[in-house]
Amino acid sequence: MVPFLGLSYVLANYYVSRGLTRVAEERLETEARLISNGIREWGQETNFSLAVLSKAIAEDVSNRRVEKLQTVVDALGESYPYRHWAVFSAGPSPKLLAGSDEITKRAEIKAKVEESLQGRESFEKVMRGEYSYTVERFFHGKTVCMTTGYPIYSTPSGSTGSTPTTEAPVGAIYSCLPLQFLSDEAGLKQVLTDSQSVISGAKGTQQALDEIGTSRTIDSSFMLISKTGDIIYPVTTDASKVFSKQDYLKGVWAPLFLQPKWPPYITSGKVESVLDHVTINGQPYFVSINNADETWTAVMVLNQHVVFAERDRLMHLLAALGMGGLLLSCVVIYQQCDRIIKPLRKAEAALQLISDGNFETRIEHDRDDELGVLLDNVNRTSSQLKIFLAEEKKGAVTRRQLQTAREIQKDFLIKKIPEPEGMEIQAVSYPAQEIGADWYDGISINNVTYLVVADVCDKGIPSALYMSVFRSLLRYSLLREHDSSDPKTIMLETMKEVNDYMARNHQDSMMFATVFLAALCPSRREFHYVSAGHEPCIIQRGAEQILLEATGPAVGIFTTASYTAGSVDLRGGEYLVAYSDGLVDAHSPTGEGWGRPALLNHLQTISPQDLSAMGLLSSLVETVNQHTSGTEPFDDLTLMVVHVQEAAQAS
C-alpha cells in the first residue's frame, strides 16, 4: 500500500504540475505578446504622427513662425495630455521655437533647453536626417521620457526620417512621454491592472524599485530592455525607472544577463519570442522574452512557486493524511487526486475545443482556489479570443469596403486618353495602399487635348478622398465655358479656381496636391503647360533633354498663389514623360531611391524609331520593378508618356 500511495502522490504531482505549467506558460506568453504589441503599435503610431507633423509645420519652421508653431504645440498638448512637445530650429546654435509646459515663456528655462542640445546624441542623430527613438531626460528638469525626435525639411520630399539625406533639416520636432504614463498611452494599463494577469498586483512601486541591488525572492515582474542595454523597470501603472545592465548585475536579476544564450535575444531584436526557465536566487522562474520592436524587448518573469503554491499545499496534506493511516490515506488520496485532475481535464478539454475554434466554450465550477482561478483563466481566454475573432471579422468587412473603394477609384482613371492625330499617349497608376492619391486624366476640348498628372500629399484613405475632390474640380473648371479660347488662359483660370477653392475651404486639413496640366495643340505644333509644384516633366528630343520645372506652388496651400504657363514647340519623334514622385522615390530593399538621374539616363537609351509610347512606359515600369525587387511601395506611382510621331511635325 505504501508504494501505491507513493505512486499516487507522484502521479498526482506530475499531472497537476504539467497542467499548471502549460496554462501558466500559455498565459505568460499571451500577456507578453499583448504588451509587446502595445509597445510596437505605440512606436509605429508615434513615428507616423511625427512624420505627418513634420510635413505640416515645415513651412512654419522654415519661416520661424513662432506663434503659429506654439498654437500647434498647444493643440498637441490637448490631444496628447501625457506628452511634452518641443520644436527646434537647426543650425550651429539651435533655437527652441515652441514647447509644452510654458518652457518658451521663461528665458532661463528656454536658454537651459537650448544649451542642453549641445552634444546630445539623439538631437545630432535627428540633424543627420534620422528618426530618434530612445529613453532620456527631457530637455529640462528631471523627467525621464520615452523620447522620439523627427527631422523637419523645407520640402516634403526631403527625407523619410529613417534614411539620411543630402538635404539638411531646417528643424526638429520632439515628443516626450514620461515613463509613468507609458502604460496609459501604450494600452498596457488593462493588462497591468487586470486581477487575472500573472504579473499584476505582485508588488508596490517602491518595493519593485528596491529589487534592484537586492537578492530576495520576487514573485513576478516585467521590464523593457533596449538594444543599448537601457532597462525600464518596473513597468507599472504609476511609476517606472531606468537602470543600466550594470545595476542589474548587482542584484536579483543578474542571471537574466549572465545566461549565454539570452542576451543576443534581448539586444539583437532578431528573435520574435523565447519562452524558457531559469533559476534566480535558488528559485525556479518562467521567463518570456518577446521582441516588441526594433528598439525594445519585453521580458516577463514568473516564480514557479507562485503557480504551484496550491499544488504544494494539497500534496503536503495528502502526505500527512497518508502517514496517519494507509486506508484513510488511500481514500483521501483518491478523492484529492480526483478533485484535482477532473478540473484539469475539463480545462484541457476546453482548451482543445478553443483551439478548434469553439470560443463559446465555458467551464462551470464553484471553486475559489488556485484551480478555480485556472478555470476562470480558461473561460477568460475563450471570451477574449471571441472578442478578437469579432474584431477580425470587422477588419474583414473593412477590407472588403476598401476593395470596393479601390474599384470605384479605378473608374476615375479614364480607360482611353484622347489622342490627337499623329500622337500616341499611354498612362498608368499604381497605388501604394488599397487606394491611392495619384491620378491622371485627359480631356479633348475644341481640338485641344488637356492632360493631367497629379499627386495629393501623403497616401491612404484621407488623401484618396481629397484626390476625388481635386479631380472633380479640375475637370469642372476645364469643361466649363471660358471667356477666352486660348489654352494657356483656360489652364491658368482653371488652376486659380481650384487653388482658391481648396485653400479657402480645406486649409485646416493641410492637404494639397501637385499638378502637371498640359495642353496639346497639334495643329499649331504647340505644347503649353502649368506645373503646380510637380515633378518636372521631361521632353526627350533626340539626345537633348528638356526639364519643365514648376511654374507655381502646389495647389490648395495659399489663397494668394499665382501661376504662369510655359510653352514648347512640338517636334516629330520626341517623347514627353510626366510622372509623380513615386517613380523617382521608389525604394530598393536597402532603402535606396531610384532617383531622377536614373530616369534621365534611362531615357537617353531609347530609340525613337523603334519604341512606342506603350513601349517606353512598359520599359520604365519594368526597370523600376527591378530596382524595388518586390519591396513594399513607398508611395503611389503614376506615369504618362506622350510620343509625337514623325508624321505629326510634317502635318
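## Salt bridges

R128 counts as partly exposed because its relative accessible area is 45%; that class lies between buried (under 20%) and exposed (over 50%), using a 1.4 Å probe and protein chains only. R128 forms a salt bridge with E130, with the closest N and O atoms 3.3 Å apart. A salt bridge here is a side-chain nitrogen of Lys or Arg within 4 Å of a carboxyl oxygen of Asp or Glu. Bear in mind that this is a predicted model, where local features need pLDDT of at least 70 and side-chain atom pairs count only at pLDDT 80 or more, while totals for chains, interfaces and linings use all residues. Residues are numbered from 1 along each chain as its sequence is written, and side-chain values use heavy atoms, leaving out hydrogens and water.

The structure has 13 salt bridges. One of them joins E419 to K416, with 3.5 Å between the closest N and O atoms; E419 is partly exposed at 33% relative accessible area, whereas K416 is exposed at 54%. R480 and E493 also meet in a salt bridge, 3.7 Å from N to O. That pair ties together distant parts of the chain: R480 sits in the loop between α16 and α17, E493 in helix α17, and they are 13 residues apart. R480 is partly exposed at 27% relative accessibility, and E493 is partly exposed at 27% too. Elsewhere, E59, D60, R65 and K68 form a network of salt bridges.

## An open sheet and its helices

Five strands make an open sheet in the order β13-β14-β15-β16-β19, with antiparallel pairing. Helices (H or I, at least four residues) and strands (E, at least two) are DSSP runs numbered from the N terminus, and two strands pair if DSSP finds at least two bridges between them. The edges are β13 (438–445) and β19 (566–569), each pairing on one side only. On average, neighbouring strands are turned by 15 degrees against each other, direction ignored. Inside the sheet, β14 (residues 448–456) and β15 (residues 513–521) share eight bridges, and D455 stands opposite T514 in β15.

Helix α16 packs on this sheet, touching β13, β14 and β15, and its direction makes about 10 degrees with that of β13. Contact means heavy atoms within 4.5 Å; axes are lines fitted to C-alpha atoms (for helices, over the stretch in contact), with angles from 0 to 180 degrees between N-to-C directions. Helix α17 (residues 487–505) packs there as well, touching β14, β15, β16 (526–532) and β19, at about 15 degrees to β16. Buried residues of α16 include Y466, M467, F470 and R471.

## A buried aspartate

D581 lies in helix α18 (residues 581–584). What does D581 touch, leaving out residues up to four places away in sequence? Its contacts are D455, E535 and D635. D581 is buried yet has no salt bridge, and the nearest side chain of opposite charge is K55, 7.7 Å away. Lys and Arg count as positive here, Asp and Glu as negative, with His and the chain ends not counted.

## Another strand pair

Strand β12 (residues 423–430) is mostly covered, with seven of its eight residues buried. β12 pairs with β21 (residues 637–644) in the antiparallel sense over eight bridges, and Y430 stands opposite L637 in β21.
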